[in-house]
Amino acid sequence: MSRHVLVLGGTTEARELAAELAARPGVRVTTSLAGRVTRPGAVAGEVRVGGFGGAQGLADWLRAHDVAAVVDATHPFAETITANTARAAALTGVPAVVLRRPGWRPGPGDDWHPAAALRDAADLLPRLGHRVFLTTGRLGLAAFAHLTELHFVVRSVEPPEPPMPPDVELVLARGPFTPAGESALLREHRIDVLVTKDSGGAATAAKLTAARELGLPVVVVRRPPLPDGVTVVPDAPEAIAALGLD
């Protein structure tokens with residue numbers, strides 16, 4: 001009988017994990033996507049789209065579909081999903097791990113300004129610059145909507161949702177990006193401060209290299225804390241090992 005693994009996905013690491021699991025005999029993998037991106041990349045195995053209805057709904061789904069293990073491989077800032085996963089695992093006894101790529105770390109020459117949340121990042125901006133490259137995703141722009149004196153260049157995969165700042169240029173693009181391309185974008189738009197979440201990974205790290213080379217300050221929004229007691233792994237092989245599937 002196959003072991004059914006649920007992967008809460010939407011990231012590159014989730015796709016890599018699903019591919020590795022789907023290739024293993026005796027393992028059935030289902031990847032759950034939130035449905036916020038209209039054209040997600042191809043995913044190996046079965047795919048479901050949409051929420052579960054909170055921790056209890058997820059627990060019910062785990063029981064109904066005879067799930068043997070759960071991997072939360074969502075974005076590092078998807079804290080509600082992560083909390084619900086930990087709670088559902090506790091309710092059902094289903095083993096669960098959190099797959100999180102390591103966060104970024106400042107290096108020599110970096111001018112980083114940490115922020116605990118988007119609202120804190122917004123509070124820092126007026127004293128750091130007036131032409132802002134904002135790369136925090138399309139769902140959190142309300143935190144910056146009151147900054148009417150600043151010019152924002154907002155990059156996201158899909159159009160952002162209002163409210164948002166009044167002076168915005170929108171760049172629709174999906175990584176990976178290159179340092180040369182990011183440097184050209186920063187120069188073209190005369191950016192003097194960058195705002196990013198600490199997403200980690202290589203696909204969008206080039207903007208940090210470009211900011212360092214141009215001597216620009218970077219406001220880095222820290223990751224939310226993980227629930228107590230969760231097992232955290234950095235990549236797909238470690239997730240497989242942690243669940244005893246290797």
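Biologist: How much space lies in the second largest pocket?

Modeller: About 170 Å³. Bear in mind that this is a predicted model.

Biologist: What makes a residue part of that pocket's lining?

Modeller: A lining residue has an atom within 4 Å of a pocket point. In the second largest pocket, 14 residues line the space. Thr85, Ala86, Ala89, Ala96 and Val230 lie nearest its centre.

Biologist: Which element gives the most to this lining?

Modeller: Helix α3, with 5 residues. Both α3 and β5 supply at least two residues each.

Biologist: What is the lining made of, by class?

Modeller: It has 9 nonpolar, 4 polar and 1 charged residues.

Biologist: How do you know that the span of α3 agrees with its number of residues?

Modeller: Helix α3 covers residues 79-92, which is 14 residues. At 1.5 Å a residue, they should span 20 Å. The end C-alpha atoms are 20 Å apart, so the two agree.

Biologist: Which residues of α3 are called buried, and why?

Modeller: Buried means under 20% relative accessible area. Thr82, Thr85, Ala88 and Ala89 are therefore the buried residues of α3.

Biologist: Why do you say they line one face of the helix?

Modeller: Seen down the axis of α3, the buried residues fall within an arc of 125°, so they line one face. On the other side, Thr80 and Ala90 are exposed. Exposed means over 50%.

Biologist: What do the buried residues of α3 pack against?

Modeller: They pack against β1 (3-8), α2 (54-64), β4 (67-72) and β5 (96-99).

Biologist: What follows α3?

Modeller: Glycine 93, with a positive phi near 80°.

Methods
Residues are numbered from 1 along each chain as its sequence is written. This is a predicted model: local features need pLDDT of at least 70, side-chain atom pairs count only at pLDDT 80 or more; totals for chains, interfaces and linings use all residues. Side-chain values use heavy atoms; hydrogens and water are left out. Helices (H or I, at least four residues) and strands (E, at least two) are DSSP runs, numbered from the N terminus. The expected span of a helix is 1.5 Å times one less than its number of residues. Buried means under 20% relative accessible area, exposed over 50%, partly exposed in between (1.4 Å probe, protein chains only). The arc is that of the directions from the helix axis to the C-beta atoms. Contact means heavy atoms within 4.5 Å. On a 1 Å grid over the protein atoms alone, a cavity is a set of points where a 1.4 Å probe fits but cannot get out, and a pocket is an open set with protein on both sides within 12 Å along at least five of seven lines; lining residues have an atom within 4 Å of a point. Grid points are joined across faces, edges and corners, and a volume is the space filled by probe spheres set on the points. Ala, Val, Leu, Ile, Met, Phe, Trp, Tyr, Cys and Pro count as nonpolar, Asp, Glu, Lys and Arg as charged, and the others, Gly among them, as polar.
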